[in-house]
Amino acid sequence: MVLKLAVVALSGCDGCQYNLVTDEFFSFLKRRGIEISYWPLVGASKEFEASDVTLVEGSVISERDVEVLKKARERSKYLVAMGTCALLGGVQGGLGLSKPVGSYVSVDHYVRGCPVTISEVVDLLDKIALGRRWRLGESRFEYVERGAGVINDGLLLLDQDKCIVCGRCIDVCARVGAKVLNYTYRGINTLISTPYGEPFGKSGCVYCGLCAAYCPVGAISYKSNMEKVISEVSKGSISEILVEPEALAALAESENITPLQVVEGLKILGFRRVVVFDPLSQVELPRGNAILLRSPAERELLQRASLGSEKMNIVDIDLKIPPGTVYLTQCFSWRFKLPRVITSREIQLALRRLNYATLRGDRPDEVFLSKRGVRRVSSLEELRAIPGGRVSETLVFELCPGGCLLGGGQPVSDGKKLSKILEDRKNKLQELLTAWT
Amino acid sequence: MSGRFSWEIDRVAGESKVEVFLDNGMVRVTYGSLLSVRGFERLVVGRYVGDVPMIAARICGVCSHPHFWAAAIAAEQAAGIEVSDDVAKIRDICNKLGLLQNHVVHLGLLALPDYLSKEEVERVSRAVLAVNTDIVSAMKLLCGRLTSPNSYRLGRFFTRIDRRTIATALKHLKEVGKALEELIERVLKIDIPSLRDPSPVGLSLSGSPAITVPKMGPYLLETPSERTEIHSKNYKNVLVEASTDYSTSKKCVYNGKPFHVGARARLLNALKSGGLDSELKDVVSGYENLLEGNPFSNIYAKAFETKMVFDLLIRELDELDRELKLEPTYASRISSSGIGVVEAPRGLLVHYYEVDEELRVTRADIVTPTVMNTQHIEASATALVGDLMASKASESSVKKLVEALVRAYDPCIPCAVHVIKTR
């Protein structure tokens with residue numbers, strides 16, 4: 001079978017396609033019987049009709065780019081985001097001018113790099129031509145042994161073959177104070193790992209889940225509960241969902257709908273009762289001053305942080321979920337303690353199957369909010385600064401930067417800066433707290 | 001005859017469009033880019049000036065080397081770094097390798113298909129791709145890679161460059177000598193269409209193409225009739241840019257007139273100022289009238305320049321078979337601005353940066369060769385279409401010849417749309 005190849009350029013520098021104009025690439029195309037159906041740079045510019053594989057270079061800035069991209073998607077069997085601009089928005093993405101290809105159309109494969117290397121493009125096309133399965137984001141180095149690098153303890157999974165060693169997980173792990181992830185080995189063998197490759201639980205991980213939320217390529221992930229939950233909802237064995245206000249605000253922001261529309265969406269997914277539920281509402285507030293912990297992750301961290309915590313009045317939340325109920329939260333660490341927990345990131349995909357335009361909004365069946373206002377503290381440093389560890393007021397400790405609104409199970413918000421996401425989520429949260437207090 | 005027609009052009013870097021307006025014998029042709037503006041001049045503001053070359057190289061994937069070197073020279077001025085003679089020589093060699101690679105790809109794959117049969121195009125393409133492989137191998141040894149070089153930080157190369165590296169690069173280059181000669185010979189046999197240059201002013205860096213990346217400023221620009229020194233304070237007055245409403249890139253004039261930059265300007269100016277060796281001078285002199293008077297002749301100029309740059313590279317790499325001094329020196333004072341002017345494959349390229357006391361960029365300005373050539377392309381295309389209309393040529397033959405003319409200039413649209421839209 002002759003495979004048809006198209007190369008389409010959006011806004012960008014043309015560097016990726018220019019790098020392909022080599023003897024090596026054209027010889028490969030000839031050897032594999034791949035025919036160029038559309039590639040204006042090399043003169044193949046007759047009307048773009050249909051292709052088996054389309055390599056898309058550049059990012060989306062203008063209406064023209066959107067038009068060209070959608071047309072390419074419609075007419076291609078496999079669409080490949082080629083290079084950093086197509087994959088992540090590119091250098092010009094730093095100004096907020098451009099968006100990645102995946103923001104507008106579905107992408108079947110991608111090739112990283114600024115510019116891409118020919119061998120990776122050839123490898124991908126070769127596999128497609130031979131009808132072999134090509135995993136999205138296969139090994140970053142052809143010559144590093146594969147399959148050895150998976151750290152999996154059943155809750156969190158780090159696939160070192162997928163990892164691009166960007167270091168964002170190391171950064172965020174250090175920021176919350178856990179310091180479990182770091183670099184290991186040197187040169188082309190550099191990996192990100194837990195100490196000695198031990199499972200996360202044995203390495204001092206607090207299961208905040210931020211590493212998974214911050215990983216740009218999905219190398220760190222957690223096993224999703226969604227399939228199981230949806231199946232039980234359809235059987236009728238689960239009928240109620242407890243939703244943290246922060247999770248509701250985050251979902252509303254990421255999907256650009258109102259919290260009430262999220263509530264209606266959950267009901268359409270099959271939950272007969274939707275209850276807005278702040279875990280702090282279950283805590284018996286002490287008479288004196290105290291530190292309230294928001295989730296199990298904070299407890300884990302505090303135990304290891306040598307803060308003189310024996311002098312502190314620390315109040316845990318001992319949450320119990322009744323049978324037939326699911327807990328929807330921003331915080332991944334609840335999955336470590338409770339049996340039926342789904343994160344807002346997991347439910348985001350299920351919600352996206354709905355037509356938001358038809359959602360008018362629905363009120364929750366019940367609302368449990370925190371009983372009194374307390375100051376929120378979101379770093380170990382702030383706690384360390386308390387003289388003698390004696391707090392003069394009641395505090396809530398949330399370890400994630402930005403608090404629970406940017407927790408480890410946070411849903412993805414396309415194309416926004418983190419500060420803007422936080423601001424929008426704060427506004428949504430304030431809006432619903434004002435309405436329901 | 002009145003009316004208008006427009007079409008997009010392939011076999012150029014980036015997407016662009018030609019539009020022809022006819023109004024009772026009056027002809028006007030515009031040439032505009034269709035790519036979106038990409039904001040590099042704003043992107044670098046606030047960044048440490050030493051990071052700028054790596055970012056600036058991403059302006060264009062086709063000619064990232066000259067962007068890299070122009071930004072590096074400007075940044076070094078601002079940071080008070082002076083490079084050694086050997087470093088200056090090697091980065092000039094890197095830029096020349098980029099120029100050679102660009103010319104070969106342009107001639108063989110983009111320009112020649114306008115003149116040759118399909119069978120001959122296939123044969124030439126195969127030869128050109130083989131030549132390209134060896135040139136890129138030499139580039140990788142010295143510059144790290146073909147697009148966006150990554151072997152240099154301010155003042156020094158950080159990859160190992162020694163006698164062995166130079167010898168291997170030289171070996172790769174020597175492999176392509178024969179194939180290059182055949183390509184050049186084929187280009188010079190082409191009969192180009194006749195056209196009178198409406199504005200025969202070619203501007204180039206004095207001393208080019210023998211030197212394409214000067215060690216530092218001030219920079220002397222030359223036309224066949226005059227020389228002008230440009231520096232941070234006056235370059236905006238010498239090269240005056242303006243926006244248009246039909247294109248996402250700007251246009252530029254010199255002394256209020258359209259002008260051309262690139263191989264033709266460099267070669268003609270070198271011929272007038274005695275910058276060509278006697279053997280090449282004799283051959284080029286035979287084409288002098290064509291080069292001076294016909295914009296299509298840029299493909300001849302590229303062929304001659306390919307020969308000249310190839311010979312220079314062989315000689316210069318041979319001369320570097322010795323211990324190299326690659327350590328920079330640091331000045332005690334830094335400057336509040338820096339300007340880098342280099343010769344890119346398509347012509348003059350200017351990068352200008354202003355920095356604060358912490359060497360963070362406060363203002364950036366880049367003038368690219370395609371921006372400089374655009375007005376000249378439009379003037380030449382207007383003259384060409386005028387001639388063709390007078391001889392009652394069909395629309396398809398007008399399109400074919402205008403495309404060949406535009407490709408002769410080898411415009412690079414990603415370079416041209418690097419700026420923030422100004423209105």
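Select strand β4 (residues 76–82) of chain A together with β5 of chain A, and you will find the two paired in the parallel sense over three bridges, where two strands count as paired if DSSP finds at least two bridges between them. Strands here are DSSP runs of E with at least two residues, helices are runs of H or I with at least four, and both are numbered from the N terminus. To see one of these bridges, pick Met82(A), whose partner in β5(A) is Val111(A). This is a predicted model, in which local features need pLDDT of at least 70 and side-chain atom pairs count only at pLDDT 80 or more, whereas totals for chains, interfaces and linings use all residues. Residues are numbered from 1 along each chain as its sequence is written, and chains are lettered from A and ligands numbered from 1 in the order in which they are written.

Now widen the selection to the whole sheet. It is an open sheet of five strands in chain A, with the order β2-β1-β3-β4-β5 and parallel pairing. β2 (34–38) and β5 (109–111) of chain A have a single partner strand each and stand at the edges, so one side of each is left without a neighbour in the sheet. From one strand to the next, the twist averages 30°.

Then show helix α2 (residues 23–32) and helix α5 (residues 118–129), both of chain A, which pack at an angle of about 5° with their axes 11 Å apart. The two helices α2(A) and α5(A) are therefore roughly parallel, the word used for angles under 35 degrees. On α2(A) the contact is made by Glu24(A), Phe25(A), Phe28(A) and Arg32(A), and on α5(A) by Ile118(A), Val122(A), Asp126(A) and Ala129(A), contact meaning that C-beta atoms, placed from the backbone, lie within 7 Å.

Move on to β6 (150–152) and β10 (220–222) of chain A, the edge strands, each pairing on one side only, of an open three-stranded sheet with the order β6-β7-β10 and antiparallel pairing. Three bridges join β6(A) to the antiparallel strand β7 (residues 156–159) of chain A, and Ile151(A) has Leu158(A) as its bridge partner in β7(A).

Display both chains next: 31 residues of chain B are in contact with 30 residues of chain A. On the chain B side, α1 (40–43), α4 (85–111) and α5 (118–143) each supply at least two residues, and α5(B) gives the most, with five.

Finally, select Val56(A), Val80(A), Leu142(B), Val350(B) and Tyr353(B), the residues with the most contacts inside the largest nonpolar core, which has 178 residues. A nonpolar core is a set of buried Ala, Val, Leu, Ile, Met, Phe, Trp, Tyr and Cys residues joined through C-beta atoms within 7 Å, and a residue is buried if 20 or more other C-beta atoms lie within 10 Å of its own. α4(B) provides the largest share of this core, 13 residues. Apart from it lies another core, of 77 residues, including Cys173(A), Tyr207(A), Val341(A) and Val391(A).

Methods
Axes are lines fitted to C-alpha atoms, for helices over the stretch in contact, and angles run from 0 to 180 degrees between N-to-C directions. Angles under 35 degrees count as roughly parallel, over 145 as roughly antiparallel, 65 to 115 as roughly perpendicular and the rest as oblique. Two residues are in contact if their C-beta atoms, placed from the backbone, lie within 7 Å. A residue is buried if 20 or more other C-beta atoms lie within 10 Å of its own, exposed if 12 or fewer, and partly exposed in between; C-beta atoms are placed from the backbone.
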